[in-house]
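User: I would like to learn how to read salt bridges and surface features in a model. Please take me through some cases.
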Amino acid sequence: MSNDSKLAPIRKGLLEFLVLKIVGARSAYVPDILRRLADTEFATQEGTLYPLLSKLRREDLVQYEWQESDAGPPRKYYRLTDAGKAQLASLDAYWNRINRTIVEIGQH
Amino acid sequence: MQRLYITATLNRSTLQFEEAAYARLESYLAEASRTLAGNPDQAEILSDLEQAIADQCSKRLQPGSSVVTLAELQPALEEIGPVQIPGSAIGSDREFRFSGRTLQQVSEGAMISGVCMGFARYFGLDVTLLRIMAIVLLIASGGTMVLVYVILMLLLPYAPAERGGAPVRKIPTWSRRFVEYVRAKFSAVTS
């Protein structure tokens with residue numbers, strides 16, 4: 001797609017928002033998050049997701065706990081902190097405003 | 001003759017690698033480590049990635065086989081993808097903002113008034129380099145450079161305040177107040 005160079009930064013910027021949404025719905029480990037995004041415009045990879053989650057953890061928006069798994073080593077399950085929930089709520093509200101602006105502008 | 005395999009412990013999993021696969025693994029991890037240099041969570045992210053590689057390789061191993069070859073490792077690494085620093089989109093936004101080609105003083109992170117910061121940004125150079133050049137010129141000019149600095153300080157506009165930028169130190173705050181005072185006086189005299 002010839003527009004992709006313009007759209008890629010938008011997707012990149014929104015990835016953090018989507019990860020917060022996924023983790024906010026229910027605690028998830030990385031393969032869950034990847035699978036949830038896989039069929040969307042935001043399909044991503046571990047190489048991107050782990051650094052992003054570590055940044056979100058450092059910003060105190062998510063935290064993780066170890067959970068044993070039936071197969072293989074324990075897994076890190078991520079969930080939102082209270083600050084993360086607040087951030088997600090404000091991002092959601094902001095997104096709705098932007099979206100309304102985009103839909104409405106230039107109509108008349 | 002028996003072939004030699006390399007045993008690698010990736011976070012919590014231990015796997016055997018064929019030589020070529022091991023070399024590829026090492027170069028991926030070295031590259032990841034370079035990309036994450038300076039990141040306070042570097043070690044933790046690398047462990048997470050090692051675990052992801054181990055999981056991906058185990059998943060791909062043929063039944064009965066216990067040695068990872070490039071045939072398993074290469075698709076595993078492709079699926080994991082290169083390490084990317086979050087927020088580099090924001091980084092390019094900064095570059096975009098700074099490409100505005102006007103010479104301005106930058107108060108954030110400045111030592112005196114932000115003239116060197118402004119020149120560094122204008123030319124895309126390291127501010128330390130600019131400061132060293134300024135000091136060399138100061139010595140070479142026998143002090144005339146001070147006058148040049150003060151003139152630039154009085155003439156150059158200030159770049160708009162940045163959110164999330166470096167803090168403004170005390171001296172730049174005072175020098176800015178001084179500059180604004182002089183400019184006010186000057187415009188009062190000329191009008």
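User: Is E31(B) buried, partly exposed or exposed?

Analyst: This is a predicted model. E31(B) has 42%, so E31(B) is partly exposed. Its salt-bridge partner is R34(B), with the closest N and O atoms 3.1 Å apart. At 55% relative accessibility, R34(B) counts as exposed.

User: How far apart are R34(B) and E31(B) along helix α1 of chain B?

Analyst: Side chains of opposite charge can pair when their charged atoms come close. R34(B) and E31(B) are three residues apart in helix α1 (residues 19-35) of chain B, so about one helical turn separates them. In helix α8 (residues 170-190) of chain B, E180(B) and R176(B) are four residues apart, again about one helical turn. The closest N and O atoms of that salt bridge are 3.3 Å apart.

User: Which salt bridge links distant parts of the chain?

Analyst: E16(A) forms a salt bridge with K55(A), the closest N and O atoms being 3.0 Å apart. E16(A) sits in helix α1 (residues 4-25) of chain A and K55(A) in helix α3 (residues 46-58) of chain A, 39 residues apart.

User: Which residues make the nonpolar surface patch?

Analyst: I135(B), L138(B), I139(B), V146(B) and V150(B) make a patch of about 420 Å². Helices α6 (127-140) and α7 (144-155) of chain B each give two or more residues to the patch. The largest share, three residues, comes from α6(B). I139(B) lies in helix α6 of chain B, and I139(B) counts as exposed because its relative accessibility is 64%.

Key
Residues numbered from 1 in each chain as written. Chains lettered and ligands numbered in written order. Predicted model: local features only at pLDDT ≥ 70, side-chain atom pairs only at ≥ 80, totals over all residues. Heavy atoms only, no water. Patch = residues over 30% accessible without salt bridge, like charges linked within 9 Å, V, L, I, M, F, W, Y side chains within 5 Å. Areas by Shrake-Rupley, 256 points an atom, 1.4 Å probe, with all protein chains shown as cover. Salt bridge = Lys/Arg side-chain N within 4 Å of Asp/Glu carboxyl O. Buried < 20%, exposed > 50% of the residue type's maximum accessible area, 1.4 Å probe, protein only.
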